[in-house]
Amino acid sequence: MGRFSLSRRFPFLWDRRSSAREESRPLIQKHGNLQKDTFSAPPYIDTDDSSEGKTESSSFSHGERSREPSWMFSSWPTSHLQPCGSTNYLLKYILVTPNLLVGALGLSILGLGLWGLVEKQSLTQERLAGLGTDPMLLLTTFGLALALLCTAGCAGALRENSCLLRAFGTALLAVFTAQVLIGILAYSLQDQIVGVLRAAMLGAIAHYQDDVDLRFITDEMQVGLQCCGADNYRDWETNSYFNCSAPGVLACGVPPSCCVDPLENGSVWNSQCGVGALRLDELSAHRVVFLGGCLGSLYRWVEYHSGLIGTVAVVLLGLQILTLFFTAHLLDRIHWSKISQGHRTHRP
């Protein structure tokens, strides 16, 4: 009778309490709870409507206060509290797919670097002193770092591991920042960079016969860019083996990679095609070797392909920004999932 009279006097409050109770009540009740709800007597029975209303009102207020956080939480949008849907799987595979591809590239670079170190026997005791300047060590380190970064991204996305995802996002943000800073410095310090490249090329020319890696890089650059030396073909006079005062058959010559036609009969590499080129004047030498240096050829190549280089740089930076955004979004959904699970665990 008390509940019936109170529901007629305050229907809105009573419906609100009933709905809140039904939301928090499980679909299948335990047998003990069912008996308690069915057979327990009311704690207070009185015919006075005012005292009954006061008692019910006080009990309602206490129940409303105890249930208020659950009622408020249940009214939040479920899209923020249920991250384990199709959107979550989509975020995972968006992060995993490019990381797998880049990780495979990193493993390939790592394998190439290790193969170079073993092939050249750079890890032997006699050559450990020059290991720090070995380009293959740089390839190995870069491939290992790239593979570890992508592994952390894939594992963090698949396992929904917040620590791995944070480490991946932090490392990717550092790489992105470094790339932007390098681009800004390269654009603003062009003259200084040209000077550094000239010094590096002249050093590679001077030690051409002493280091296999420098020889390979120099030959590939001169063949690919069709150039000879840093500024011109006369730079090879600084090499102790190609200098005109040096003994041997290489004196007053240039490497075969400087030759206009380094292949004899179109198939065999002619290692003697540049012999005596430094004794010739420019009119005669240009029929045998390239006269222009690699610095000018490199500058012209970069200027000619500047549009493609800019497009590739923008695409790569854009992909990194999208990866950072998806990583942050997945971390946010994992955070809301933990909050939702904790709420359902402590719900009365």
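Colleague: How many residues has helix α8, and how far does it reach from its first C-alpha to its last?
Modeller: Bear in mind that this is a predicted model. Helix α8 runs over residues 190–206, which makes 17 residues. The reach is 24 Å, close to the 24 Å expected at 1.5 Å a residue.
Colleague: Which residues of α8 are buried?
Modeller: Met 201, Ala 204 and Ile 205. Looking down the axis of α8, the buried residues fall within an arc of 100°, so they line one face of the helix.
Colleague: And what covers the buried residues of α8?
Modeller: The cover includes α9 (212–225) and α11 (294–304).
Colleague: Which exposed residues sit on the face of α8 turned away from the buried side?
Modeller: That face carries Asp 191 and Val 196.
Colleague: New topic. Lys 92, buried or exposed?
Modeller: Lys 92 counts as buried, because its relative accessibility is 11% and the cut-off for buried is under 20%. Lys 92 belongs to helix α5, residues 86–119.
Colleague: What is Lys 92 in contact with, leaving aside neighbours within four places in sequence?
Modeller: Ala 157, Leu 158 and Glu 160.
Colleague: Now the surface. Which residues form the nonpolar patch?
Modeller: Leu 308, Val 312, Val 315, Leu 316, Leu 319 and Leu 322. Together they have about 550 Å² of accessible area.
Colleague: Where is Leu 319 placed?
Modeller: In helix α12, residues 306–346. Leu 319 has 48% relative accessibility, so it counts as partly exposed.

Notes: Residues numbered from 1 in each chain as written. Predicted model: local features only at pLDDT ≥ 70, side-chain atom pairs only at ≥ 80, totals over all residues. Heavy atoms only, no water. Helix = DSSP H or I, 4+ residues; strand = E, 2+ residues; numbered from the N terminus. Expected span 1.5 Å × (residues − 1). Buried < 20%, exposed > 50% of the residue type's maximum accessible area, 1.4 Å probe, protein only. Arc of directions from axis to C-beta. Contact = heavy atoms within 4.5 Å. Patch = residues over 30% accessible without salt bridge, like charges linked within 9 Å, V, L, I, M, F, W, Y side chains within 5 Å. Areas by Shrake-Rupley, 256 points an atom, 1.4 Å probe, with all protein chains shown as cover. Salt bridge = Lys/Arg side-chain N within 4 Å of Asp/Glu carboxyl O.
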